[in-house]
Amino acid sequence: MLALVDPRSLQASPDPLSEEIRAALGGDTSATRRLCVELGPIVLRTLRRVLGASHPDLEDLLQDTLIGVLDGLRTFKGESSVRHYARRVATLRALETIRNTRTQHRKLEELGFEKAVPDDTSNPRLAFVTKRREQLLHELLSSLSPAHAETLVLQAVLGHSVAETAEIVGVPVNTVRGRLQTAKQTLREKILETPELSELLEFDDHDHSR
C-alpha cells in the first residue's frame, strides 16, 4: 500500500516528518506506525469537529482515513505539511460521510422509515442541543459545493487562516477568499431561515486575510 512518492523529492522539504515519510516509503513498518501515531490525533480531532464527538462511526472513519492518508501520499507533492495534508483528507472524508448520511436519510424517509438516534439519558438536554448543532452544521455544509464546504470547514470550523487554507487546499489565496464569500452569502440566507446558525460557527463578516 505504501508504494508512494519518490523519496528524493522529500530531501529539500522542511516538513519535520520528512524522515518518517522517507523511511515509510522504504518499507519501514515502524516508521509507518510512528506516522499513524503522529497523524492519528489530528485526523480524529478533525472528524470530531465536523461530524460531532458522538458520531457512531468515528473509530471506523479514523482507521479508514489514516489508510487514505498513507495511501494518498503516493500523489502528495509536499505543497503543504503532512499534518495539513492529513487534516484535508480527514475533512474530505467527513464531508463525504455527511453527504452519504443525508442521502441515506432521504431514502429512508421516502420509504416511510426514520433512522433511530440513540438517546443520551445522562443529559437529555445537552444531547438534544449537541445533536441539533451537528444537524444544522451538516445542513449548511450539504447546501454548499464540495469545494466551498471544504474551505468553510478548514477556515471557520477548524480555525485555519486564509493563507493556511490556501496552502492546505492548494489554490491561490484569492480563490479561498472567493469561496468564503460565497459560503458567507449562503450562511446569511440560511440564517434567515434558521437563526441558530448564527451562533453555530466561529464565522463573521470581518476580513479573514490572515
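The structure is a predicted model in which local features need pLDDT of at least 70 and side-chain atom pairs count only at pLDDT 80 or more, while totals for chains, interfaces and linings use all residues. Residues are numbered from 1 along each chain as its sequence is written, and side-chain values use heavy atoms, with hydrogens and water left out.

The chain holds 8 helices and 0 strands, where helices (H or I, at least four residues) and strands (E, at least two) are DSSP runs numbered from the N terminus. Read from the N terminus on, the order of elements is α-α-α-α-α-α-α-α. Of the 210 residues in the chain, 40% are buried; buried here means under 20% relative accessible area, with exposed over 50% and partly exposed in between (1.4 Å probe, protein chains only).

Val43 touches Leu62, Thr65, Leu66, Ala86 and Ala90, leaving aside residues up to four places away in sequence.

Helix H2 packs against two partners described here. With H3, the angle is about 125° and the axes lie 9 Å apart; axes are lines fitted to C-alpha atoms, for helices over the stretch in contact, and angles run from 0 to 180 degrees between N-to-C directions. H2 is therefore oblique to H3, given that angles under 35 degrees count as roughly parallel, over 145 as roughly antiparallel, 65 to 115 as roughly perpendicular and the rest as oblique. The crossing of H2 and H3 is right-handed, a term used if the near helix is turned clockwise from the far one by less than a right angle, with anticlockwise giving left-handed. Val43 takes part in this contact from the H2 side, and residues that meet H2 from H3 include Leu62, Thr65 and Leu66.

H1 and H2 pack at about 135°, with axes 7 Å apart, and are therefore oblique to each other. H1 passes H2 in a left-handed crossing. Here Glu20, Ile21, Ala23 and Ala24 of H1 meet Ala31, Thr32, Arg34 and Leu35 of H2.

Helix H6 is mostly covered, with 10 of its 12 residues buried. Leu152 and Val153 are among these buried residues, as are the polar Glu150, Thr151 and Gln155. H6 packs on H7 at about 135° with axes 9 Å apart, which makes H6 oblique to H7, and the crossing is right-handed. Glu150, Thr151, Leu154 and Gln155 of H6 make the contact with Thr165, Ile168 and Val169 of H7. After H6 comes Gly159, whose phi is positive, near 85°.

Finally, Thr186 has its place in helix H8 and is buried, with a relative accessible area of 15%. Leaving aside residues up to four places away in sequence, Thr186 touches Leu140, Ser143 and Leu144.

How values were computed. Contact means heavy atoms within 4.5 Å.
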